[in-house]
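Please look over the model below with this note beside it. Take the points in order.

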Amino acid sequence: MREHSQETRAVEKGGGYVYFTLPDCRTVPVIVGRWLIDSGLLQPAGDDLFGGSQTYRVPHV
């Protein structure tokens, strides 16, 4: 759901990230993406080479 970017809006508002949905790649407003992650509604997928995450998903109940 997020991707590292040097785009102005990503740097200024998104902590260096842009947010979008998969698989349709619809843009998610930066504030909404941050809120979903910060509130715990999305969990990291753990897909980063160094143990972090570039992708977040809705947790399975």
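The numbered points below go from the whole chain to single residues.

1. Ground rules. This is a predicted model, in which local features need pLDDT of at least 70 and side-chain atom pairs count only at pLDDT 80 or more, while totals for chains, interfaces and linings use all residues. Residues are numbered from 1 along each chain as its sequence is written, and side-chain values use heavy atoms, with hydrogens and water left out.

2. Overall plan. The protein chain has two helices and five strands. Their order along the sequence is β-α-β-β-α-β-β. Helices (H or I, at least four residues) and strands (E, at least two) are DSSP runs, numbered from the N terminus.

3. Surface and burial. The accessible surface of the protein chain is about 4400 Å², and carbon and sulfur atoms account for 58% of it. Such areas come from the Shrake-Rupley method with a 1.4 Å probe; for residues, only the protein chains shown count as cover. Of the 61 residues in the protein chain, 28% are buried. Buried means under 20% relative accessible area, exposed means over 50%, and partly exposed lies in between (1.4 Å probe, protein chains only).

4. Strand β2. In a regular strand, side chains alternate between the two faces of the sheet. Strand β2 covers residues 17-20. Tyr17 and Tyr19 point one way, Val18 and Phe20 point the other way, and all are buried. Strand β2 runs antiparallel to β3 (residues 27-28), and two bridges join them. Two strands pair if DSSP finds at least two bridges between them. Phenylalanine 20 stands opposite threonine 27 in β3.

5. Six residues lie between the strands of the β2 and β3 hairpin. Most residues other than glycine have a negative phi, and most peptide bonds are trans. Check two places here. The peptide bond from leucine 22 to proline 23 is cis, with omega near 5°. Cysteine 25 is not a glycine, yet its phi is positive, near 60°.

6. The core. Which residues form the largest nonpolar core? They are Tyr17, Tyr19, Val28, Val30, Ile37, Leu42 and Tyr56. Strand β2 and helix α2 (30-38) are the elements that give two or more residues to this core. A nonpolar core is a set of buried Ala, Val, Leu, Ile, Met, Phe, Trp, Tyr and Cys residues joined through side-chain atoms within 4.5 Å. Leaving aside neighbours within four places in sequence, isoleucine 37 is in contact (heavy atoms within 4.5 Å) with Tyr19, Leu42 and Tyr56.

7. The buried residues of α2 are Val30, Gly33 and Ile37. They fall within an arc of 65° seen down the axis of α2, so they line one face of the helix. That arc is taken from the directions from the helix axis to the C-beta atoms. Exposed Ile31, Trp35 and Asp38 sit on the face turned away from the buried side. Just after α2, glycine 40 has a positive phi of about 85°.

8. Salt bridges. How many salt bridges does the structure hold? There are two. Each needs a side-chain nitrogen of Lys or Arg within 4 Å of a carboxyl oxygen of Asp or Glu. Arginine 26 bridges to aspartate 24, with the closest N and O atoms 3.3 Å apart. Arginine 26 is exposed at 58% relative accessible area, and aspartate 24 is partly exposed at 46%. Aspartate 38 bridges to arginine 34, with the closest N and O atoms 2.7 Å apart. Both lie in helix α2, four residues apart, about one turn of the helix.
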